Amino acid sequence: MSEPSVPAVDSGSQGGEPGIGGADFGRFQGHSDRDDLEIDTEHCIRCGLCVTACPVFDELGWESVTPRGHANVINAYLDGTLEDSAIVGENFDLCLKCKQCLEPCPTGIEIPNLVLRGMEHHHEENGGSLSDLVYAKPRLLNQVGGFFAPLSNVVANTAPVRKLMEETIGMDSRRPLPHFSTSSFTDWFASHDPEPALGDLDRDVALYVDCYVDRNYPEIGKAAVRVLERMGASVSLADTGCCGRAALSKGRIDEAEAKADAHIEDLVSIAESGTDVVAIEPSCAAMMTTEYPEMYDSARVDRFAERTHELMVYLDRHLDSIGGEFEFDPVEDHVAYHSHCHMKEQDLGPAAANVLQRIPGLDVDEPIVSCCGMAGSFGYQTEYYDTSLEIGENLFEQIRESGGDPMAIGYSCRLQISDGMDTEVDHPIHVVERSTRP
Amino acid sequence: MSQSQPSGDELASSLASIVGNDDVTTRRDELVGYSRDAFPEDGVLPDAVVRVEDTSEVQAVLQYANERGLHVVPRAMGTSLTGSVVPVEGGIVMDMRPMDQILELNEDDMFARVQPGVRWETLNERAEEYGLHFPVDPGSSSVVTVCGMIATHASGMRAVKYGTTGDHTMDLEVVLADGTTFETGTRSIKNSAGYDLTSLLVGSEGTLGVITEATVRLTPLPERSRTFMALFDDLETAGELFVDVKQSNFDVSAMELLDRPLLETLQEGGFDVPTAEVMVLVELVGDRAFEESYDELTTLAAEGGAAVRESDDPEELWTARRSAYPSLVRRCTHPITGDIGVPISTLPEMLRTIREIRDEMDLPVSVLGHAGDGNLHPVILASEDTLERGKDAHDRMCEAAVDLGGTVTTEHGVGIEKNHLMEYQYGEEGVAVMRRLKRALDPNNVLNPGKITPSEENAHE
């Protein structure tokens, strides 16, 4: 008997039962009511073990921006101690949702998810901002920009347009915009000739088409396809729609749930057909592997999540067992590789570096930082642009000391490093592609 | 108090003239954060928060506050379990975290000079490069500051061998409420020159002066260590083991007690700990004749009724032990954390008394503790409905500890949680002497009022 289809996310209350000590306090479970959220914040025991893990605290040094501080602010907001809507909104913005506070938390509370739920209530009571509405829809923006490319690149970067964007949606005019490509990744894929299979990775892989790869970074997608095909995989695309990460990170939980609902059945079906799902963007991968299982109480979604990986994690998992003629040619180079906070949170941080270290001649340094400070749209916003770069300075300094060419797997991270250091930043898949040319 | 209280804007402006605009705030989200610490009950919102970067700023802020009778609460990581760093009457919170430099680490004389924002972990990372450590080991060691430990006289799991923070505090630079700044000690191992002002300031919770620098003693890292579990059928028999070990000459560095409810909680949390009525986790350190000592100690435990087991993964056990407190308190909404200490020989009796109080008052109580030095943490898992009963039970346990020659708090400090118990421990005269000391050093009651002795008693006519 086939299993039932995945139901839409239940928007009813799912908060932890007070006083019982269940394992799910503060975990992202979709929409929750006010009382549940208040109870969850009260299970933060304020021990402070999270404080030193927070990159924002590391830069700003004030108590309110610590993970514990956010829990206190949510609690004070809900009980009426803290009524100033602007202050509450800013406090919520200053959590980057990088999740570096999860590991040290002895009670297992996910403060970033409490903040998201706090943001949701804040939106409901104060109205969401235009900028949040826009930032939550990267796919739409990039499709429009891509459609009008190359004109859109010229127009979007003119001073009057940047000024308009700054004044309407708070996008800082100093922050470079992603480039819109005249050709799309999906068009390229439809007509591309598969690479010769050098390895014997006899697996079906569906490469997830995220909101950026199609019209902003098609070359990364192409490199990913080529490498996977050389490994021996049969590659298709999972062009199922936005995962909802951007909306979620703005506390627009209903919108994130709707985006997830719109494609979860497609994704699950792909996985159930025996195909692995591979995502290039770590935040999207983390959305599907850690948030979806909590949003859906479904064994099917759990199994889908188990078959889903970030690209470099996927490579790292399979390179050991791969046979045939797939091997790395020497690349005499020196790189400074920055991982992604959502990968580190899942103990997957070293995966890309593991892959790079297989390449003969390649010298790999790994800066030790918790987060680059970009955090999706955070670093675009006028009021946080300077803070974002100040948080990133620790990373920039370590890359300078390394002397290696900067590399990162996250779109935001690359943009941040590029802007902060005025340099080009590659995705590591490009080196892997160079090293594995037939 | 020689001047009227400034308005919020005046206060912020005056403080900004001392510490700079970027280091003073009256934003309400900050005030909320600085009104709370790890004690479950909230304090009162302060009027302003300042971050200080050197001793001269501390002096200037205190002089300003002293002239106006404003309260000042010094604070660093805010990990107090007793409300030691939450304001009870508004005023200024002074965040010491920007003063975070290790000023000196002397390998030959084995000491370090630190500012108040230096964390335990940071100091130990540096000390380890020289084969040394600051061995006092509180549960919050990953974030707590060394000076915060001094201010609350913290200790932790390894006090059984290394003693308390006070035992490792050699000298302090202290700023009084009127800005007077002085040194309390020396760098000599021994010092019999006059009053021991260092000891007076240790555990004073910022009520007498603000610590701006501290010299702490370091010790060599042990060459070897080995951990075993001693499992008992009842608490009292386990208690006898502590007496036996204390009377022997083993180099035991930690001896931790975990009861059945706690072990079950840890098992639910995924930790690989055994099922037993009581587990005692014992760590032996040393170098010469280590194996012989280990064999003798485990034999002693077995003869005392324990089932002795050695773990393949002692780190996992110590991680479980460190997780014990948070694992427990998340099981309830209103935890009450006891911190009593008794003479080792009375541990079995104290454990019996805790059980009797638990049964009489019908409350869930779990016991953990650094029992090797007579320190027990009975944790009362209260709810909103049983909170008052829980507080009564806690008071009874504290009074029982005092009756056995012990103390109401061994390492968490007094804060706002236990100040009502001070008279029971020291009597009216003892507390009166403390008040006289406080008045002598802080006549305007500027520094962290309401802590150690109750606020209303601390007020000045």
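B:Asp251 is partly exposed, at 34% relative accessibility; buried means under 20% relative accessible area, exposed over 50%, and partly exposed in between (1.4 Å probe, protein chains only). This residue forms a salt bridge with B:Lys161, with the closest N and O atoms 2.9 Å apart. A salt bridge here is a side-chain nitrogen of Lys or Arg within 4 Å of a carboxyl oxygen of Asp or Glu. This is a predicted model, where local features need pLDDT of at least 70, side-chain atom pairs count only at pLDDT 80 or more, and totals for chains, interfaces and linings use all residues. Residues are numbered from 1 along each chain as its sequence is written, chains are lettered from A and ligands numbered from 1 in the order in which they are written, and side-chain values use heavy atoms, without hydrogens and water.

- B:Asp251 sits in the loop between helix 8 (235-247) and strand 13 (252-259) of chain B and B:Lys161 in helix 6 (residues 159-162), so the pair ties together parts 90 residues apart in sequence.
- Helices (H or I, at least four residues) and strands (E, at least two) are DSSP runs, numbered from the N terminus.
- B:Lys161 is partly exposed, at 33% relative accessibility.
- Salt bridges with shared partners join A:Glu63, A:Arg68, B:Arg75, B:Asp95 and B:Arg97 into one network.
- Over all chains, the structure holds 53 salt bridges.

**Salt bridges in chain A**
- A:Arg174 and A:Asp386 form a salt bridge, their closest N and O atoms 3.2 Å apart.
- A:Arg174 lies in the loop between helix 9 (159-169) and helix 10 (185-191) and A:Asp386 in helix 19 of chain A, so this pair ties together parts 212 residues apart in sequence.
- A:Arg174 is partly exposed at 45%, and A:Asp386 is partly exposed at 38%.
- A:Arg175 and A:Asp419 meet in a salt bridge of 2.9 Å, N to O.
- A:Arg175 is in the loop between helix 9 and helix 10 of chain A, and A:Asp419 is in helix 20 (residues 411-421), 244 residues apart.
- Both A:Arg175 and A:Asp419 are buried.

- A:Ala375 has a positive phi of about 50° and is partly exposed at 28% relative accessibility.
- B:Ile452 has a phi near 70° and is buried, with a relative accessible area of 14%.

**Confidence**
- The predictor gives the complex an ipTM of 0.90 and a pTM of 0.90.
- Chain B has a mean pLDDT of 92, and 97% of its residues reach 70 or more; pLDDT is the predictor's confidence in each residue, from 0 to 100.
- Over residues 457-461 of chain B, pLDDT stays under 50.
- Where pLDDT is low, the predicted coordinates should not be read in detail.

Technical notes
Contact = heavy atoms within 4.5 Å.
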